[in-house]
Amino acid sequence: MTAVMLGVMIGLLLLGFPMMIPLLAATIIAFIAFFPGMPTTNIVQQMIGGVSPSALIAVPMFILAADIVTKGHTADRLLDLVLRFVGHLKGGLAVTAAVTCTLFGAVSGSTQATVVAVGGPLRPKMVEAGYKDSFVMALTINASDIAFLIPPSIGMIIYGVISGTSIAELFIAGIGPGLMILAMFAAYSVVFAIREGIPTQPRATWGERLKAIRGALWPLGFPVIIIGGIYGGIFSPTEAAAVAVAYALILEVLIFRAVTLRELPEIALSTGLITAVVFILVGAGAAFSWIISFAMVPQAIIGSLGLENAGPTMVLVAISIAFFIGCMFVDPIVVILVLVPIFAPLVQGAGLDPVLVGTIVTLQVAIGSATPPFGCDIFTGIAIFRRPYVEVIRGTPPFIVMLLLSSVLLIAFPQIALFLRDLAFR
């Protein structure tokens, strides 16, 4: 069965079909071929059940909030704030890019939105200042992937729904690894600027800094409201998503006046299209997971890999490798939907903390999404920067090395992720 499903998926992908078609086709063909006596309505029921959890309501809400703030002035104000405080340091522009990507990720939860909002305005400034274009593009793409870890993370929501893990705990567990990666990128940016002899920028006056602070106070309210509201017990992660949309509308329509009421239907349509694709993938993934679980495919795969009696560290290493490689070729949501059920028996047998596993999975998804040959964020960068594939990936190796090092550190020292979780929930 596994060979048939993989064969169908790979064949249709090579023919150029979008990922939802191979996933659905493999599921339906496997069902008809191996379970001929079952009514086909079972597939439909599994798909509907897959998109039924109330936690999934947060996905379109966070996507809508990201679309609104991307259209507005939020990114510009965050960028100006960071630039005023660190722009004059050695490597200051590069550090500004990394920090702003992290802050905007905490606002939008979307890697693609972060590449658009931060990479668009900052890239010309960095190139003009003397940074290699390949470095600028690689930094933006990889720093944007911190949005996978920093709440609100759409990837963590999907993982939480599929695995039954607390989304609130996943959110807070992603903060530590996200900040660790930011520190690595910032340090490398300074080293790169010193090595390349990049000149520093003029120091901002305190008057300019205070003006930037005032301008960024409203955008900085996003993480305060979302994270503070969830962990203060004021609202759930799903309710936080609705609050994020309301706050984005108030900010961009009423306060900044960067988005008009006439633009909202277009923004809503964009959100609807993205949400439709995500939910089709989730529904198809639920049916796919049901079939492979029913046929005991996960147990067969784990047995063939000799992992039945593997210890916790070996299990985490196996998970890291599988998700990293998967996201080098396939959309992150699909990889989560397909691989999480396969590794579920292994995780349970090893007695691993599901929040730690979710954080490591999300980190690997982030790394794989920016890794050649087919990491999805590479193609986002190609579309945004309008540069050839080879130029976009040329500067990525140092960042991939740092991200892989962060994976090793997270496996070796789980408290990087679990410290804040334990502080908030234990």
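Contact means heavy atoms within 4.5 Å. The structure is a predicted model, in which local features need pLDDT of at least 70, side-chain atom pairs count only at pLDDT 80 or more, and totals for chains, interfaces and linings use all residues. Residues are numbered from 1 along each chain as its sequence is written, and side-chain values use heavy atoms, with hydrogens and water left out.

**First selection: helices 11 and 22**

Select residues 175-196, helix 11, and residues 415-425, helix 22. Helices (H or I, at least four residues) are DSSP runs numbered from the N terminus. Ile 175, Gly 176, Pro 177 and Met 180 of helix 11 meet Ile 416, Ala 417 and Leu 420 of helix 22. By class, these contact residues comprise 6 nonpolar, 1 polar and no charged; Ala, Val, Leu, Ile, Met, Phe, Trp, Tyr, Cys and Pro count as nonpolar, Asp, Glu, Lys and Arg as charged, and the others, Gly among them, as polar.

Arg 84 and Asp 80 form a salt bridge, with their closest N and O atoms 3.1 Å apart. The term denotes a side-chain nitrogen of Lys or Arg within 4 Å of a carboxyl oxygen of Asp or Glu. Because Arg 84 and Asp 80 are 4 residues apart in helix 5, about one helical turn separates them. The whole structure contains 8 salt bridges.

Notes: Axes fitted to C-alpha atoms, helices over the stretch in contact; angles between N-to-C directions. Helix = DSSP H or I, 4+ residues; strand = E, 2+ residues; numbered from the N terminus.
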